[in-house]
Amino acid sequence: MTSSNESAAGIAHVYRGTFVHATYHTAVEILEDRLLGVDTEGKIAFIGSGKEVDHLSQKWGFEAFAVTQLGQHEFFMPGMVDTHIHASQYSYAGTALDLPLLQWLNMYTFPVEACYKDLEFARNVYTHVVKRTLRNGTTTACYFATIHTDASLLLGQIANDFGQRALVGKVCMDTNNFIPHYKETPEESEGETKRFIGELLKKKYPLVRPVVTPRFAPSCSAALLGHLGEIAQNNDLHIQSHISETKEEVKLVKELFPDYDSYTDVYHRHNLLTDKTVMAHGCHLTDGELKLFRETGASIAHCPNSNISLCSGMLDVRRVLNHKVKLGLGTDVAGGYSPSMLDAVRRTMDTSKALTIQDTQYNTLTFEEVFRLATLGGSQALSLDENTGNFEVGKDFDALRVNTDAAGGPIDLINHGEGPKVEVYVAGKRVVPFVEGP
Ligand code: GUN
Ligand code: FE
């Protein structure tokens with residue numbers, strides 16, 4: 001009885017209505033009156049026409065009356081993918097944006113991150129950031145924590161408990177001239193990274209994975225970068241860091257690493273550029289560096305709120321896409337003041353339009369393209385697009401159920417009177433509104 005497109009698991013939910021998503025060929029595809037089945041493992045088992053309900057219910061063994069019918073003003077879209085967010089910086093999001101990057105790190109970021117030695121402080125902030133990002137529709141987040149292994153493990157546990165898909169990174173840094181107590185020795189950093197990876201993987205959280213996280217080249221010795229590249233390579237792990245965010249930082253890296261061809265070359269020669277690498281920012285990369293990204297399969301997390309808030313630069317996303325480099329969007333809390341991916345979508349449009357103001361011939365990003373970057377593009381940038389990013393049979397059902405006509409929301413549907421409401425699903429399970437867990 002089992003045909004090739006049927007999964008072994010049974011059907012847990014069937015939804016009928018409008019589905020909006022991006023595909024590899026089309027930036028926005030609107031599927032009207034579709035029937036989508038989710039199996040007991042949270043995967044999309046089938047997508048068919050609403051008119052085929054009788055046939056599909058027989059084939060998949062569900063009762064036609066058990067189908068959840070979306071309202072006229074409702075639709076499903078894929079959950080959004082935040083490719084770069086500092087969970088530890090959520091405690092001061094929306095403040096302290098009056099200094100450029102390198103001074104901002106010394107004055108605000110490092111002193112706050114040092115507080116995560118205290119596990120109760122960490123638990124409080126991490127619970128808030130996971131709940132907030134889920135409520136904002138972030139079903140997948142790629143997190144920086146701090147140098148503290150146990151607090152970073154706690155972030156993994158909290159993401160798991162609330163049902164968020166997450167890459168979690170214990171930050172590695174053995175250089176810090178301004179706040180000397182907020183750093184590790186290279187041996188500690190290597191050893192604690194191995195402990196972090198081992199303990200996180202031992203938990204067997206289905207949606208949470210470790211990511212090797214050198215903070216950025218100015219915070220890491222060449223020896224440490226080498227150890228981290230080796231750990232990632234030996235365990236086939238994700239890697240995240242920052243690159244070419246500001247011109248001052250690029251100049252500093254040239255001084256610190258004089259024997260390398262470029263900032264990108266520093267990471268490349270330590271085996272840190274792979275098809276599971278995501279580098280935040282890249283505002284000031286050269287064509288040659290983008291070519292290296294393309295060749296290695298490494299991706300860029302575009303964080304426009306942060307880039308404007310810290311006056312770092314304006315990434316030319318069109319140029320990155322023309323180089324065929326994978327690119328997703330990130331909030332970069334707290335360099336970015338908003339933990340919302342919808343804000344990241346808006347700021348991406350704003351930056352593209354600011355580039356158009358400077359050059360009227362500029363090929364402005366379309367809203368549809370940016371929608372794709374926030375969903376499928378992000379999952380590709382994190383090399384998670386086999387599991388998530390859009391509505392394809394076999395992927396996990398990570399989705400937002402949006403009601404544009406719900407009471408009290410921010411959209412006035414003229415003559416309808418109510419506003420939007422969102423339900424959030426990860427791997428088929430409803431995680432917002434919260435069914436309070438831990
Ligand atoms: N570069 C190194 N560390 C950081 C950080 O915490 N935030 C940002 N925006 N850039 C960085
Ligand atoms: Fe960052």
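**Exercise 1. In this predicted model, work out which helix gives the most to the lining of the largest cavity, and describe the cavity around that helix.**

Step 1. Helix H2, which spans residues 101-113, makes the greatest contribution to the lining of the largest cavity, supplying 3 residues.

Step 2. The residues that line this cavity are His86, Gln89, Leu101, Trp104, Leu105, Arg215, Phe216, His242, Glu245, His281, Asp332 and Gly335.

Step 3. Sorted by class, the lining of the largest cavity holds 4 nonpolar, 5 polar and 3 charged residues.

Step 4. The space in the largest cavity comes to about 100 Å³, and a search of the whole structure for cavities of 30 Å³ or more returns 1.

**Exercise 2. Describe the largest pocket, asking which residues lie nearest its centre and which helices and strands each supply at least two residues of its lining.**

Step 1. The volume of the largest pocket is about 810 Å³, and 29 residues line it, with Phe75, Met77, Met80, Leu342 and Val402 lying nearest the centre.

Step 2. The strands that each supply at least two lining residues are S1 (11-21), S5 (74-78), S15 (399-406) and S16 (419-426), while the helices that do so are H3 (119-135), H12 (341-358) and H13 (367-381).

Step 3. Helix H13 accounts for the largest share of the lining of the largest pocket, with 5 residues.

Step 4. By class, the lining of the largest pocket is made up of 18 nonpolar, 6 polar and 5 charged residues.

Step 5. Turning to domains, the lining of the largest pocket takes at least three residues from domain 1 (11-78 + 395-403) and at least three from domain 2 (80-382).

**Exercise 3. Characterise the interface of domain 1 and domain 2, including how many salt bridges the rule finds across it.**

Step 1. The domain assignment divides the protein chain into domain 1, given as 11-78 + 395-403, and domain 2, given as 80-382; the contact involves 16 residues from domain 1 and 13 residues from domain 2.

Step 2. The C-alpha centres of the two domains are 33 Å apart.

Step 3. The size of an interface is often expressed as the accessible area that is lost when the parts come together. For domain 1 and domain 2 the buried area is about 1,100 Å², and carbon and sulfur atoms give 67% of that area.

Step 4. The rule finds 2 salt bridges across the interface of domain 1 and domain 2.

Step 5. As a residue pair to inspect in the structure, Asp396 and Arg165 form a salt bridge through their side chains, with an N to O distance of 2.9 Å.

Definitions and conventions
Residues numbered from 1 in each chain as written. Chains lettered and ligands numbered in written order. Predicted model: local features only at pLDDT ≥ 70, side-chain atom pairs only at ≥ 80, totals over all residues. Heavy atoms only, no water. 1 Å grid on protein atoms, 1.4 Å probe; cavity = no way out; pocket = protein on both sides within 12 Å on 5 of 7 lines; lining within 4 Å. Points joined across faces, edges and corners; volume = space filled by probe spheres on them. Helix = DSSP H or I, 4+ residues; strand = E, 2+ residues; numbered from the N terminus. Nonpolar A, V, L, I, M, F, W, Y, C, P; charged D, E, K, R; others polar. Domains from an automatic or database assignment. Contact = heavy atoms within 4.5 Å. Buried area = accessible area lost by both parts, 1.4 Å probe. Salt bridge = Lys/Arg side-chain N within 4 Å of Asp/Glu carboxyl O.
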